[in-house]
Amino acid sequence: MLSAEKQLELLELVLGLGRGNSGGFYQPSFDESHKLQLQMFCMGRHWDCWNRCYRSSRTDHDQLPVLELPHSLVELVMGILADVKQKCRQQVLPDMRPDIGIVNFYAAAGSLGLHQDRDESAESISNGIPVVSISLGSHAVFAYRLGDEGATKVVTLRSGDIFIFGGPARLLHHGVVKIIPGTTPKSLRGVMADMEGRINLTFRQL
């Protein structure tokens, strides 16, 4: 959905934030010995991996304040949802103004098990406020399932793809099965030279 130029612009922005700030990329863990197979940083609010809640500082890591969510990313997400509404000719998802942005980096061996994004407010979840996910870089095999007993489906997400779940699918189970090496578009390889893999941006409303 996103042009090559827009993808490069987004990568330059988020990699600049993640590499150039003390509140940038780190490897989260559920406890002192179980680390996730990815690196991340947050904007707007920090997701505390140990306590499964949002904080104003990185309480589960280094206590540093969370980075601000750039206005340009807020505008991008709202524009994406407006575009969906226009293309579908109806309101298929509730409106949202994101105040949380999470950037995940998956190297070649990166993955993330099936889970639900359920740490936002009860109001946000009950209203079906969507989660907007943008893929950049390498292809990822993405799994998702609606409900605890539903069939698990798999789709390949490529650079520039957008995956949105909200409304009755707000608590979709989803995860990253694997990263496919060597699939980063040529136009992005320069800016990702020292971070070969997939960058995923997800936006939520607390």
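Modeller: A quick definition before we start: a salt bridge here is a side-chain nitrogen of Lys or Arg within 4 Å of a carboxyl oxygen of Asp or Glu. Also, this is a predicted model.

Colleague: Thanks! How many salt bridges does that rule give?

Modeller: The count comes to eight salt bridges.

Colleague: What about D48 and R55, how far apart are N and O there?

Modeller: Their side chains meet at 3.6 Å, N to O, so the pair falls within the 4 Å limit.

Colleague: And is D48 buried or exposed?

Modeller: D48 is buried, with a relative accessible area of 0%. R55 is partly exposed, at 32%.

Colleague: Which residue does D62 bridge to?

Modeller: D62 pairs with R58, at 2.8 Å from N to O. In that pair R58 is the buried residue, at 2% relative accessibility, while D62 is partly exposed at 28%.

Colleague: Where do K6 and E9 lie?

Modeller: Both are in helix α1 (residues 4-20), three residues apart, or about one turn of the helix.

Colleague: Which residues make up a network of salt bridges?

Modeller: D117, E120, R170 and R204 are linked that way.

Colleague: Switching to strands: what is the order in the open sheet of four?

Modeller: The order is β5-β10-β7-β8, with antiparallel pairing. The edge strands are β5 (112-115) and β8 (153-157), each pairing on one side only.

Colleague: How many bridges join β7 to β8?

Modeller: Five. In β8, K153 is the bridge partner of Y144.

Colleague: Last one: where is H139, and what does H139 touch?

Modeller: H139 sits in strand β7 (residues 139-145). Beyond its sequence neighbours up to four places away, H139 touches residues including T156, L157 and K178. H139 counts as buried because its relative accessibility is 19%, and the cut-off for buried is under 20%.

Conventions. Residues are numbered from 1 along each chain as its sequence is written. This is a predicted model: local features need pLDDT of at least 70, side-chain atom pairs count only at pLDDT 80 or more; totals for chains, interfaces and linings use all residues. Side-chain values use heavy atoms; hydrogens and water are left out. Helices (H or I, at least four residues) and strands (E, at least two) are DSSP runs, numbered from the N terminus. Buried means under 20% relative accessible area, exposed over 50%, partly exposed in between (1.4 Å probe, protein chains only). Contact means heavy atoms within 4.5 Å. Two strands pair if DSSP finds at least two bridges between them.
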